[in-house]
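Please open the model in your viewer and keep the selection panel at hand.

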Amino acid sequence: MTAPTTLDPRTKLVMVLCLSSLAVFIRDIYVLVGVLLLSFLISVILKGNLFPAFKQMKRLLLLIVVVAVAQSLFAPAGRTIVALGTVPILTTGGLIQGAEFILRMAVIVVSATIVATSSYREIVQGLVQWKIPYEIAFMVSVAIRFLPMLIEEIKDVMLAIQLRGVELQKIPLRKRLRIYSYILTPIVIGTVIKAEKLAAAMETRAFRAYPQRTSYMILKMASIDYMLISFSMLAFISVVIVYYMWGI
Amino acid sequence: MFPVELKNLYFKYVGKQTNILDGVNLAINKGEVVAILGLSGSGKSTLCYCMNGLIPHVYKGELSGESLVFGSCLKNMKIADIATKVGTVFQDPDTQLFSPTVEDEIAFGPENLCIDREEIGRRIASALEQVGMTNHRLASPDHLSGGQKQLIAIASVLSLQPEVLIFDEIMSQIDETGKTRIKEVIRGLKKSGKTIVMVEHNLDNLDEADRVMVILKGKLINFTGKL
């Protein structure tokens with residue numbers, strides 16, 4: 001069997017690695033906007049599921065104010081927009097720093113949608129074919145697989161607490177934090193039990209029976225993959241050289 | 001030589017005062033379907049773990065007596081050897097299925113045994129046919145019903161081609177339609193000569209059993225109609 005998606009997951013991983021590295025290294029808001037637009041474009045072409053990403057970014061927008069104020073207070077730069085006496089509360093520099101932070105986060109979130117266009121089995125296989133030990137790649141894939149289950153479990157426990165008459169929203173933050181510590185115990189125990197069951201099922205199916213294993217799925221890179229990987233790496237290196245060495 | 005034989009088996013979990021299995025003796029003939037009943041906490045699952053090697057290889061405790069599969073002591077067998085002789089399907093389908101597609105799930109076992117790709121392909125097709133799920137080969141297990149998930153769990157064990165199958169309360173979380181389909185599969189497996197151990201607490205699920213036993217206070221006795 002070969003992977004059903006058009007691009008090899010390794011190609012997507014390289015592209016995402018280049019995009020997110022650029023997002024971290026670049027400190028120019030215009031270049032960051034360009035990187036984000038490129039991420040969007042790639043995600044759209046690969047039919048990435050952008051809707052949840054938009055939802056997450058909507059939440060991130062609130063952070064822009066926090067980051068902008070924090071930057072303005074502790075590292076004031078640019079023109080002061082809002083001040084409390086002589087203390088600058090919001091500066092143009094702080095606002096730009098906040099916007100840059102959000103752009104970086106947005107690139108990472110959109111990049112995740114690019115990787116998510118491959119199934120985690122394909123990603124594991126890609127990593128294995130890159131000579132990453134199967135156990136490590138498999139561990140990552142199982143974590144991805146069981147994350148929604150863990151979220152579901154947290155929701156269930158929260159609901160159970162609320163059904164007993166505890167209105168979390170009306171409780172002061174300090175007390176609420178104590179309640180959260182109580183719900184941690186059943187969640188951790190539930191997770192450990194599930195992990196034990198999973199381990200038992202895997203053992204009975206000969207997991208780690210031998211140091212090596214065969215794979216039914218084999219990924220084959222096409223010429224488009226080689227071209228895209230080369231282009232991504234060249235583009236990444238060029239941007240870094242132009243940005244850092246020439247200071248443009 | 002019996003496919004499964006337990007000789008004077010005692011087991012106590014770490015930190016417990018009493019034995020959960022207290023002198024269990026059992027010999028199952030080839031092609032026989034044996035049902036084991038018992039109340040919650042009576043040691044049914046522990047007994048399964050003793051028959052599939054999870055005890056002593058994974059779960060630790062004080063074990064004495066012998067657990068044999070085709071005359072070989074499980075204690076001295078490698079995981080790979082046990083997996084090709086004894087297949088186990090557990091109660092909860094969600095903690096047994098961890099692959100993005102049905103095909104990947106069924107391939108997992110043979111891949112661990114280093115079986116070549118062509119053979120794995122044949123085994124996937126055969127296992128899916130046995131459980132009547134051929135049309136779902138590329139589906140995600142997350143999108144299947146509880147009964148269908150359990151059928152895939154059975155298929156993923158069948159791809160290892162074990163002679164002995166242990167079903168640990170596999171119908172306890174399944175609706176009536178799902179149960180009917182699972183029972184049909186068990187009937188088919190019985191016809192094909194597999195030796196089956198069905199651990200159950202529901203008497204309605206024992207249609208295919210040739211022999212019914214009950215585990216009571218750590219001892220395994222013939223079922224006389226009362227738990």
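In this predicted model, begin by selecting helix H4 (residues 102-112) and helix H5 (residues 117-131) of chain B, whose axes come within 9 Å and cross at roughly 125 degrees. The crossing in which H4(B) passes H5(B) is right-handed. To see the contact itself, show the side chains of B:Glu103, B:Ile106, B:Ala107, B:Pro110 and B:Glu111 on H4(B), which meet B:Ile120, B:Arg123, B:Ile124, B:Ala127 and B:Leu128 on H5(B). Sorted by class, this contact of H4(B) with H5(B) has seven nonpolar and three charged residues, and no polar ones.

Next, stay in chain B and select the six strands that form an open sheet of mixed pairing, in the order S6-S7-S8-S3-S9-S10. Its edges are strand S6 (86-89) and strand S10 (219-222) of chain B, each of which pairs on one side only, and the twist from one strand to the next averages 20 degrees.

Finally, select the contact between the chains, which takes 23 residues from chain A and 30 residues from chain B. On the side of chain A that touches chain B, two or more residues come from each of helix H5 (120-129), helix H6 (134-163) and helix H7 (173-204) of chain A, and H7(A) gives the most, with seven residues. That side of chain A divides into 11 nonpolar, five polar and seven charged residues.

Technical notes:
Residues numbered from 1 in each chain as written. Chains lettered and ligands numbered in written order. Predicted model: local features only at pLDDT ≥ 70, side-chain atom pairs only at ≥ 80, totals over all residues. Pairing = 2+ DSSP bridges. Helix = DSSP H or I, 4+ residues; strand = E, 2+ residues; numbered from the N terminus. Axes fitted to C-alpha atoms, helices over the stretch in contact; angles between N-to-C directions. Contact = placed C-beta atoms within 7 Å. Nonpolar A, V, L, I, M, F, W, Y, C, P; charged D, E, K, R; others polar. Left-handed = near helix turned anticlockwise from the far one by under 90°.
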